Structure formats: C-alpha cells, structure tokens
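Subject: Structure for you to look at

Hello,

Here is the structure I said I would pass on. Please open it and keep it beside this message while you read the notes below.

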Amino acid sequence: MAARGGVEEMRNRVILGEFGVRNVHTTDFPGNYPGYDDAWDQAKFEKNFRVDVIHMDENTLEFDMVGIDAAIANAFRRILLAEVPTMAVEKVFVYNNTSIVQDEILAHRLGLIPIRADPRLFEYKNQGDEEGTEIDTLQFQLKIKCSRNPHSARESSDPNELYINHKVYSKHITWVPLGNQADLFPDADLRPVHDDILIAQLRPGQEIDVLMHCVKGIGKDHAKFSPVATASYRLLPDITLLQPIEGEAAETLKKCFSPGVIEIQNIKGKKVARVANARMDTFSREIFRHDDLKNLVRLARVRDHYIFSVESTGVLPPDVLVSEAIKVLIGKCRRFLDELDSNHMD
Amino acid sequence: MAEEVERKPVLEMVQADGTDGNCVTFVLHDEDHTLGNSLRYMIMKNPEVEFCGYSITHPSESKINFRIQTRGGILAIEPFRRGLTELVDVCQHVLSKFEASVKEYKAQREAEMD
C-alpha cells in the first residue's frame, strides 16, 4: 500500500528534494506511529546494530555504524573533537629569544605542536599548582643557536650552505625527565609526533632557549588539545531509479553522479542504467538541473547508517581514539548517576 | 535541593510548587548538546514520558535545562535515571562491537599479509 511505503520512507530515509531536505528529524518515538512499538528495547537494538571497519591505517580510520540514532552518533563525533584528552605545551619559560619571532608567537606555535605522549598515563594538573609534578607535567627543552658556516663558499647565497642551524624544526625539541619519569618511560620516546615542523628561522647570532611544560587538556579548553585532525560522519546515500532509464538518458544520468555510482548495462542492445554503488556518491544534485530526469530519481539517505571518518594527529591511533570517546560518554553518564545516588543517600 | 555547598554543583533539580514530582527541570552543569541530545533521545524512547526536552540557557554558560514530564504518577527522576543507565548500556555495547570489529579487521589484514 502506498501509505505504508510512505510511512516506512518517513521513518528510515532522509529525502533530498530539489529545494529542501525532508524527514530530517528522528520521529520514531513511542506514540507517534500507530501500529509501531517504538519503546526502547536493548535486545532489539543489539540485534540491529553493527560496526564494520572499512579501512584503517596508521592515522586514518573509516568505519560504518549501522542501527544507531543521530543523537548518539553526533555525541561520539563531538567528543572526538573536543573531549578526548591529549598532552600539549601549555607554559613556555623563555630564557633567551633573540630571534625575530616574538615570544608569544613562538609560545603559540609551540603549543600547537602535537606531542607523542599517551595522555592516559598522566593526570590533569590541579588549578593552583605552580610547579609541575612528575605525574601531570612533561618538560621539554628547545635550545638552539644559529652561527655562520666557516666552510661555505665565498659567493654562495644559499642559506643552507651559509648558516648552521638556521631553521628550527620540531626535531630540535628534547625531553627533560622530571622526577621518576626516566624510570617510568625508559624507552625515552617522548617527542613531537612530526620531526619536520618548522618553528622559526634564525640568522647568525640569534638563539632560542626555552623550557616548555606540557600538560593534559581537552579540546573544549583549547583546540591544541584536540587529538583528531578531523572527525566527521556522513549518512549512507540511497539512490533509487523510479523508472527504467535507457539510451541517451542513461548516459546523461551517469554523468550526473560521481564516477562509479551509475553503471550502464547493455541489455538486448539498449543501454540501461543501474545503480551500482550508491555509497561513493557525494550528492552534487546535478540531476535537478535536468528537467527530464529529475522526477525519475529519488535521492535519499539511510537515516541510521553512519560512515565515520576519523583522522588522528598521531598522538594515539584512531581506533584507540574512538574507544576513548565512547568511554568519555560512559563517564559522563556515570557521573550523573553517582550524583543522583549520592543525593538520594542524604 | 541537590546542591553541594563545598564544591560547584553538578546537578540541580527545580520543581514548581504544587506539582507532585512528576514534572521536574534538571539543571546539568558543564554539559552541552553532547550529553543533552543523546540523553533526550534515550528518555523520549520511554513510553511513560509525556514530555522531554533540553535547552542551553545561554551559550556563554555551560549548563543545560533538562525537563521531564511523566504521564501517570511516576516521579520524573525515575525516567532520568533509567535514561542514563540505558545510555551507558548502549555505549558499552557500541564499544564492545567496535573493538571486536577492529580486532577482526586487523586479523584479516594479518592474514592477507602472509
């Protein structure tokens, strides 16, 4: 029945029309649809829910989450961006800076350098604590001086040949162990994630001598603490051909979508279009510019199928970041549950 | 009603006079859409809840007003607690499924390398 099909479409597809997007909000709450039991059922959720990892390498992760609602998927995305803690440089003690980069600019740049240190091994620093202790602070030193190269050719104008240490890279940052950190981290692999981040440029006679204190923080406080380059999701596209499309129209249809989405098959000598892989489409909506084709195709997205893409800055592997984000949400809920319980005890 | 005096309050409950506990506004401090929207979804899925919504009072203050009204004579604190526990269960299930999927993917990659 058409009405039944309409209800199903309203419940689980987001329709992209020519001038707007329909069925955006989640409506499957108890009482909205007669004949449907929409009360929360953990068993039903567990049966429908699945996670598929599509691609994972050292710094990027692409995975699908199917059967979950937008509110919770978005919560994971927001936590990945702003509430998973990392270590970053917070205080910079400038002992000597005769370079042309101002102190505060230099400090700002140092703060943005990602530091390869597992934040789970450290605690948050207390507010009033001035001296950093070994459990919450990492100390780094950057001490570099530029000088003239005595062995350079007389007429050379290449700075690489004329000067020694004229470019300050993140590889010049060294770790200074505090307290018992030398025993806790015997492999001494605490350094910036990338060695080739250019911090400042010097000329002979200029030097930089700074001491940096690195603490644990979250992205909500300052973006330097965000562990992801970016974390985003999109919904799975769903392209339906409402009528068979053949011949020239099929070729035009193929060009309207991203490559690989529409496939032309040769059935009995005629070219027939078929949706091969809707997942690859980026929905440019080019189809709506063709009056003869725009009513023959339905562009939609599957409401509960999320294609996540997480790109880490290198501090932690991306799958660890997603696990930590889920644990942060659990922690938030537990905090309020404990608060409720402790108030009821009173 | 639920305020700590020594440290900053985390959760407060505001109730209008004359009602008997089945419509309450909770003030959650240091929270935003992240917990607000996901908790709202879980509580709305409860058939006993007549109304559930949240709002951020002012974008400069990080607190949300979370209102629950129940049908029948149930105390509003009951769906709030149930929503939190259900959200914890959902997250734990998501975590276990995700970690299993990652492990399977890594095992598959290892098998392909050999």
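Strand 3 (residues 50-56) of chain A pairs with strand 4 of chain A in the antiparallel sense, over six bridges. Strands (E, at least two residues) and helices (H or I, at least four) are DSSP runs, numbered from the N terminus, and two strands pair if DSSP finds at least two bridges between them. With three residues between them, strand 3 and strand 4 of chain A form a hairpin. Within this pairing, A:Val51 stands opposite A:Met65.

Before the rest, some conventions. This is a predicted model, in which local features need pLDDT of at least 70 and side-chain atom pairs count only at pLDDT 80 or more, while totals for chains, interfaces and linings use all residues. Residues are numbered from 1 along each chain as its sequence is written, chains are lettered from A and ligands numbered from 1 in the order in which they are written, and side-chain values use heavy atoms, with hydrogens and water left out.

Strand 4 of chain A also runs antiparallel to strand 18 (residues 297-312) of chain A, and seven bridges join the two. There, A:Leu61 has A:Val310 as its bridge partner. Strand 4 covers residues 60-66, and five of its seven residues are buried (under 20% relative accessible area; exposed is over 50% and partly exposed in between, with a 1.4 Å probe and protein chains only).

What links strand 4 of chain A to strand 18 of chain A, besides the bridges? The structure holds 12 aromatic pairs over all chains, where rings of Phe, Tyr and Trp (its six-membered ring) pair if their centres lie within 6.5 Å, and planes under 30 degrees apart count as stacked, over 60 as edge-to-face and the rest as tilted. One of them is A:Phe63 with A:Phe308, a stacked pair at 5.1 Å centre to centre with 10° between the planes. A:Phe63 is in strand 4 and A:Phe308 in strand 18 of chain A, 245 residues apart. Both A:Phe63 and A:Phe308 are buried.

Is A:Asp209 buried or exposed? It counts as buried because its relative accessibility is 12%. A:Asp209 sits in strand 14 (residues 207-217) of chain A. Leaving out residues up to four places away in sequence, A:Asp209 touches A:Phe93, A:Val94, A:Tyr95, A:Asn96, A:Gln141, A:Leu142 and A:Lys143; contact here means heavy atoms within 4.5 Å.

Last, chain A as a whole. It has eight helices and 18 strands, and 45% of its 346 residues count as buried. Its C-alpha trace spans about 85 × 75 × 35 Å along the principal axes. Among its contacts between residues at least 6 apart in sequence, 74% join residues at least 24 apart.

Regards
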